[in-house]
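Me: I have a structure open and would like to go through it with you. Could you begin with one of its sheets?

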Amino acid sequence: MERQSGNGKIGAVLVVGGGIGGIQAALDLAESGYYVYLLEKSPSIGGVMAQLDKTFPTNDCSMCILSPKLVEAGRHLNIQLITNAELEEVSGEEGSFRVKILKKPRYIDIEKCTGCGLCAQSDFSNPKEREEEIWVDRVVIDEANCIQCGECTLACLEENPENHAMTNIALERRNFTELLPEQRGGREPETLAQRVALMDEESRKNFWQRELSRCIKCFGCRDVCPVWIYDGAELEDPEWIKPGEIPPSVPLFQIIRAYRIANLCVNCGMCEEACPMDIPLRTIHQLMWRQAPESVFEMIPGLDRKTKQKLIQKVKEKPKVKTEITR
Amino acid sequence: MKCDFVLTVCPFCGCGCQFYLEVMDGELTEVLPCKTDEISEGKLCVKGRRAADFVSHPDRLKSPLIKRNGRFEPVSWGEALDIVSRQLSKVKQKHGPDSIGILSSAKCTNEENFLLMKFARAIIGTNNIDHCARLCHASTVVGLVKAFGSGAMTNSVPEIEGADCIFVIGSNTMEQHPLISTRVMRAKEKGARLIVADPRCTPLVGFADVHLQHRPGTDVALINGLMHVIIRDGLEDKEFIRDRTEGFEELEKKIRQYPPEKVSQITGVDVVTLEEAARLYGQAKKASILYAMGITQHTTGTENVLSVANLAMLTGNVSRESTGVNPLRGQNNVQGACDMGALPDVYSGYQRVKDKEARAKFEKAWGVKLPQEPGLTATEMTDAAINGSLKAMYIMGENPALSDPDIDHLKKALSSLDFLVVQDIFLSEAAQFAHVVLPACSFAEKEGTFTATDRRVQRVRKAIEPIGDSKPDWVIVSELAGRIGGTQFNYTSPREIMEEIASLTPSYAGISYQRLDNGKVLAWPCLSEEHPGTRFLHRDAFTRGKGRFFAVDYREPAELPDKDYPLILTTGRLMFQYHTGTMTRRIPMLERELPTGSVEINPKDAKNLSISQGEMVKVKSRRGEIEIRARITKEILPGVVFIPFHFAECPANKLTSRHLDPEAKIPEFKVCAVKVYKG
């Protein structure tokens, strides 16, 4: 906040809350020469008034009142919008406050977004099909509900392949692993799947060996899975998995299980929660979605060539099971 | 369609996981994990997940059976109970109350164990009551009472997660207590060091920092060796030893006789590994010991337990959070059955039979004169039956015909009885010998409480109506007592029995259904209605005052290999079956995983005997001989073979020896001499 006058006071104002009240206050202040930071918790300003039909007592249409103000606030040179952010703490004194603001990720580059709305219409996020379960809005991805299907990003890519705005975190993370170390710009891998992808083959093998040999074959991951539709299949077939052994064949048991649900998995995480040994099962699925079978075995090594071929063939037999990247 | 979810406790191991039973129109359909349960956290092992599958099995006993001309015939409850009460009264009148032996059950609820204990003492008038704890943790109860004053797990299961060092000795935790091994793994993730002492390479060994692969039966020497190094390197907790313990000088003198070189010779563990283990344990701020049958099932069982207690006290690793000496109990309610006094020498809450005051209290409460002398243990009952001093037995929910050592001897004992009653949910191997079989209810058909390994008392709830004509064990015992002439058995529900337990047992005084149903987690001692229960024992003082060191010498196992029988046989359990298999062998999924047993043998021995993988071999000991498939594996030491005891077709206990620990009377399941040959 560099707009400081001679007396040590700051000529800037923070307005907390971007409803109609906050917008009007921001505009008035901005007009009188103050620099205004307009803070809003939700992804866009407007608040509740935008949802109303008529206003008391004049029966004016509320959008008629609100929308010019929205546009004005958005374009005013003295107003800086800080949306999708929350006030964490305030310190200092009258005339010179310091505030700490938590800015939440939006996963969409609003500079690039053209507002076409195709992302929100993609299969999974279409509100018409799934009432009250909107995962993607034009301006934000709801992280809590997002199942990382990637449909919205694909829609965005299709509309504007050169300059797409969606920064789908799943896609970003995957792209990150494909960067050379010098291209990463000092960033560290964030997820386990990324870390696994970045390991060399030896440590990757050790990693999975350590994680998967904890398995006590409780079948919990399979039993709780909402999309498991096979009756046992290979997991209970002695030809594939030798019965009565702990841990069951590493990594064959888990690879078979993951392949069987690869196309249907909704990333609900029940398998991981049910696992008495805290094995990172979801990471296996994530690798599986994004890699062709051959590279999956590279990501989760430990199988001999013959078994790999047999497995790939088996998986290809069933049309339900994904065999290549669909993007 | 009506659908219910009933919160109850797993009927298998002692972890005490709670789960929901899904009931559709009065039929059990599934087990659903309970995410808010502190132990399981919504995770279950393979057995727990299938716990509903055996309940409605067609083999379930549906009506009382009476053996006539060598065949079982179904009869009415009235007739069956008449015969039992008449026969028991007759034996009592003719040969005295001590000619009747009673086995209670670690599978039944606390209430039922208490009731059977009361039945034995007040109605029959004998202290001949015992249960299968004799075969698993009898030495723990004796040993830890001597050292600390209380014979149970000192700390709770969730605390294991916080330890810096975990020493697992004689426990196949990952297979037998899966949800406890979860905690071990978590501690490991947080940076704890793991020491595993086991003659077999159990799955846990793969995660150990140090594996002490000692010869079976050399535990005392091993632990003395560890203590020697700890004292030599000055890692003992001098303050703790001075303030909280007694008898240290004696121990120190004894420990001097166990330098690492000598220990290495006895145990087969090399000096460097031994020293590293001692340092890891000695230097840790919070070290926890987990142990199970590998320590207790020896003729030196009590001494092994005392050694473990010595080690913990020497380094001050008791009476604090995430430390302690933690015996892992094998059955869902074996802790509770011990607590309820289903033991020949104590009443509920470990109040001594010999203690006049305790006896007077129970006499007053029950309005009868009680016997003064401790009765026979389960293992002694067998001999008594053979020599004729025991005439009748009442067995509730146990299957000694597969679980006791030297089962040929035991079967002889059962068949020489004048009268045998078995009360069970299936026609077990032992029930085949019975004159009368009474059908009981499984865990899903009755109310009650189970006490888990960490002394946590939890509610078992009724999910479905009893199968066939079966009745809950407490109803059967009450009705029988009524017929024999007891007036003290008019209970309408287990809740009333729990009230009686609480009034007579100080450590259970604050436990009531009301508190448990309100979601309270209560671990005894729980001394009053307001008492919050006890997470870990011996906080400021040991139960007996000061912790007592016992100088223990290494003794060899009773039967060692020789020219005729050159191999050591050690027995145990596997992941996919449970004890004598009465329940798990009726669960198709588990049976598919592990349909039969095999003898584990080292490739070296296999080569010498020219045995190939999967071949049928014969295993013979001085007691008997079995035929079994060979499984060649490096997981076991040369000179040692391992057989699981679950399987009636290849029963390991046909081979095991009857040598007992002199104090705890626990048989030596873990060491006996055998030979393996091709038939």
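Reply: Three strands of chain B form an open sheet in the order β17-β18-β19, with antiparallel pairing. Strands here are DSSP runs of E with at least two residues, helices are runs of H or I with at least four residues, and both are numbered from the N terminus. Two strands pair if DSSP finds at least two bridges between them.

Me: Which strands stand at the edges of that sheet?
Reply: β17 (448-451) and β19 (522-523) of chain B do; each has a single partner strand, so one side of each is left without a neighbour in the sheet.

Me: How many bridges join β18(B) and β19(B)?
Reply: Strand β18 (residues 456-460) of chain B pairs with β19(B) over two bridges, in the antiparallel sense. Within this sheet, B:Arg456 stands opposite B:Ala523 of β19(B).

Me: Before we go on, what kind of model is this, and how is it numbered?
Reply: It is a predicted model, in which local features need pLDDT of at least 70 and side-chain atom pairs count only at pLDDT 80 or more, while totals for chains, interfaces and linings use all residues. Residues are numbered from 1 along each chain as its sequence is written, and chains are lettered from A and ligands numbered from 1 in the order in which they are written.

Me: Back to chain B. What does strand β1 of chain B pair with?
Reply: Strand β1 (residues 3-9) of chain B runs antiparallel to strand β2 (residues 18-24) of chain B, and seven bridges join them. B:Thr8 has B:Phe19 of β2(B) as its bridge partner.

Me: Switching to chain A: how many helices and strands does it have?
Reply: Chain A has 13 helices and seven strands. Of its 327 residues, 26% are buried. A residue is buried if 20 or more other C-beta atoms lie within 10 Å of its own, exposed if 12 or fewer do, and partly exposed in between, with C-beta atoms placed from the backbone.

Me: Which residues of α1(A) are buried?
Reply: A:Ile20, A:Ile23, A:Ala26 and A:Ala30 are the buried residues of α1(A). They cover an arc of only 130 degrees around the axis, which puts them on the same side of α1(A). The arc is that of the directions from the helix axis to the C-beta atoms.

Me: What covers them, and what is on the other face?
Reply: The cover includes β1 (12-16), β2 (35-39), α2 (62-75) and β5 (79-82) of chain A. The face turned away from the buried side carries the exposed residues A:Gly21 and A:Asp28. After α1(A) comes A:Gly33, with a positive phi near 105 degrees.

Me: Is A:Cys119 buried or exposed?
Reply: A:Cys119 counts as buried because it has 26 C-beta neighbours inside 10 Å. Its place is in helix α3 (residues 118-121) of chain A.

Me: How many residues of chain A are in contact with chain B?
Reply: 19 residues of chain A are in contact with 21 residues of chain B; a contact means that the C-beta atoms of two residues, placed from the backbone, lie within 7 Å. On the chain A side, α8 (220-223) and α10 (270-274) are the elements that give two or more residues.

Me: One more topic: which residues of α11(B) are buried?
Reply: In helix α11 (residues 260-267) of chain B, B:Pro260, B:Val263, B:Ser264 and B:Thr267 are buried. They cover an arc of only 105 degrees around the axis, which puts them on the same side of α11(B). B:Glu261 and B:Gln265 are exposed on the face turned away from that side. Among the elements covering the buried residues are α8 (219-232) and α12 (271-283) of chain B. Just after α11(B), B:Gly268 takes a positive phi of about 85 degrees.
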